[in-house]
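I am keeping notes on a structure that is new to me. I look up a few places in turn and write down what I find.

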Amino acid sequence: MNEDIKLKILNKIKEYNRIIICRHIRPDGDAAGSTLGLRRILRLTYPQKEIYVINDDYSRDMAFLGEEDAQREDSFYTGALIIVIDTGSEDRVSNSRLGLAKEMIVIDHHIEREPYGAISWVEPERSSACEMVADFYASFKDELCMDTEAATCIYAGMVTDSGRFRFESVTGETLRLAAMLLDKNINTQKLFAMLYLDTLSEHKFHAYVLNKLKLTKNGVAYIYISLDAQRRFGLTSEQASNSVAYLNSLKGSIIWIAFIENEDGSIRVRLRSRFVTINQLAESYGGGGHAQASGATIYSLAEMRGFVRRADKLIEQYKSENDDWL
């Protein structure tokens, strides 16, 4: 699949001595795992090259996968190749010096709003960007090198972005690539502990979310997490955002949303669904993503209420036209 594009990417990597890998802002497991995993593969394969992962923000929650590299001065980017992974639009790349590099490659699995990059390998049907990095390695495994560290990073992103291999985007190819990674001696017990064990405070937050969630007439489950609540439970922004996963098992609720207040007063939206296509709703608020997993940013509680009303209309329409919504 897309062998010509993958070969172009490999040839570009061979061409450059300095390669800087970037991802989207507010990184999740897929963004962190794909960038760190690719960096490890390229450092093992081309020890003479300079390979970096450089971004303007950082995820404490994903720090166990490895450290990123420090930001550098503008001149550092001159003549360099940028590889952007898991980022659907250029404005969401977490590196303000992006435009200073000589060329840009994009590897992504989001629905494209506006193509960017000299070479763009985009497959929205993939379960994760990490699956694409695994596929890239598999296509050239006679040339590229992988060890346990690289496989662990990539597998972590596949696990988290696929909902532990439960989402509709998971295919036989997804699982075959995951099996290839597992053959690299990943310590899955340790990995799953790092990914999914919660502190007592996080468990109390889970109870708080279930107690405070709201349900619309047609079945939108949603929660608003204020800064005060985040501070009360000692949460990072990413931990607060993970509350969307607490809402995904209500029968009859096929859209669920977490609204997370940011320090600047804006509100991060994490939008998920079962059966219903939601990315267009996110796009209408300047966001985007996948058909059933998207995000956006809004700027007031009034805007939040409007967002919920529109989501409720989507469910109403879907339920009137389909009977597969459980």
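Entry 1: I started at Phe165, which is partly exposed because its relative accessible area is 23%, and the cut-off for buried is under 20%. I note that I am working with a predicted model. Phe165 sits in the loop between α4 and α5. Its phi is positive, about 65 degrees, although Phe165 is not a glycine.

I then looked at Arg164, which lies in the loop between α4 and α5. Arg164 also has a positive phi without being a glycine, here of about 60 degrees.

**Entry 2: aromatic pairs.** How many aromatic pairs does a search of the whole structure find? The search finds 13. One of them joins Tyr155 and Phe165, with 6.0 Å from centre to centre and 45 degrees between the planes, and is tilted. I noted that this pair links distant parts of the chain: Tyr155 belongs to helix α4 and Phe165 to the loop between α4 and α5, 10 residues apart. Is Tyr155 buried or exposed? Tyr155 has a relative accessible area of 7%, so I wrote it down as buried.

Next I took Phe205 and Tyr208. Their ring centres are 6.2 Å apart and their planes stand at 20 degrees, so this pair is stacked; the cut-off for stacked is under 30 degrees. Both residues are in helix α7 (residues 200-212), and because they are three residues apart, about one helical turn separates them. I found both Phe205 and Tyr208 buried. Together with Phe233 and Tyr246, Phe205 and Tyr208 form one aromatic cluster.

**Entry 3: α4 against α5.** I went back to the helices on either side of the loop. Helix α4 (residues 148-161) packs with helix α5 (residues 172-182) at an angle of about 150 degrees, and their axes are 9 Å apart. Angles over 145 degrees count as roughly antiparallel, so that is how I describe α4 relative to α5. The crossing of α4 past α5 is left-handed. On the α4 side, the contact is made by Ala151, Ile154, Tyr155 and Met158; on the α5 side, by Thr174, Leu177, Ala178, Leu181 and Leu182.

**Entry 4: α3 against α5.** I followed α5 to another partner. The axes of α3 and α5 cross at roughly 70 degrees and come within 10 Å, so the two helices are roughly perpendicular to each other. I recorded a left-handed crossing of α3 past α5. From α3, the contact takes Glu131, Ala134, Asp135, Tyr137 and Ala138, and from α5, Glu173, Thr174, Leu177, Met180 and Leu181. The contact of α3 with α5 divides into six nonpolar residues, one polar and three charged.

**Entry 5: α1 against α3.** Last, I looked at α3 from the side of α1. At what angle do α1 and α3 pack? Helix α1 (residues 3-15) meets helix α3 (residues 129-139) at about 80 degrees, their axes 11 Å apart, and α1 and α3 are therefore roughly perpendicular. Glu3, Lys6, Ile9, Leu10 and Ile13 of α1 make the contact with Asp135, Phe136 and Ser139 of α3. I sorted the contact of α1 with α3 into four nonpolar, one polar and three charged residues.

Notes: Residues are numbered from 1 along each chain as its sequence is written. This is a predicted model: local features need pLDDT of at least 70, side-chain atom pairs count only at pLDDT 80 or more; totals for chains, interfaces and linings use all residues. Side-chain values use heavy atoms; hydrogens and water are left out. Axes are lines fitted to C-alpha atoms, for helices over the stretch in contact, and angles run from 0 to 180 degrees between N-to-C directions. Helices (H or I, at least four residues) and strands (E, at least two) are DSSP runs, numbered from the N terminus. Angles under 35 degrees count as roughly parallel, over 145 as roughly antiparallel, 65 to 115 as roughly perpendicular and the rest as oblique. Contact means heavy atoms within 4.5 Å. Ala, Val, Leu, Ile, Met, Phe, Trp, Tyr, Cys and Pro count as nonpolar, Asp, Glu, Lys and Arg as charged, and the others, Gly among them, as polar. A crossing is left-handed if the near helix is turned anticlockwise from the far one by less than a right angle, and right-handed if clockwise. Rings of Phe, Tyr and Trp (its six-membered ring) pair if their centres lie within 6.5 Å; planes under 30 degrees apart count as stacked, over 60 as edge-to-face and the rest as tilted. Buried means under 20% relative accessible area, exposed over 50%, partly exposed in between (1.4 Å probe, protein chains only).
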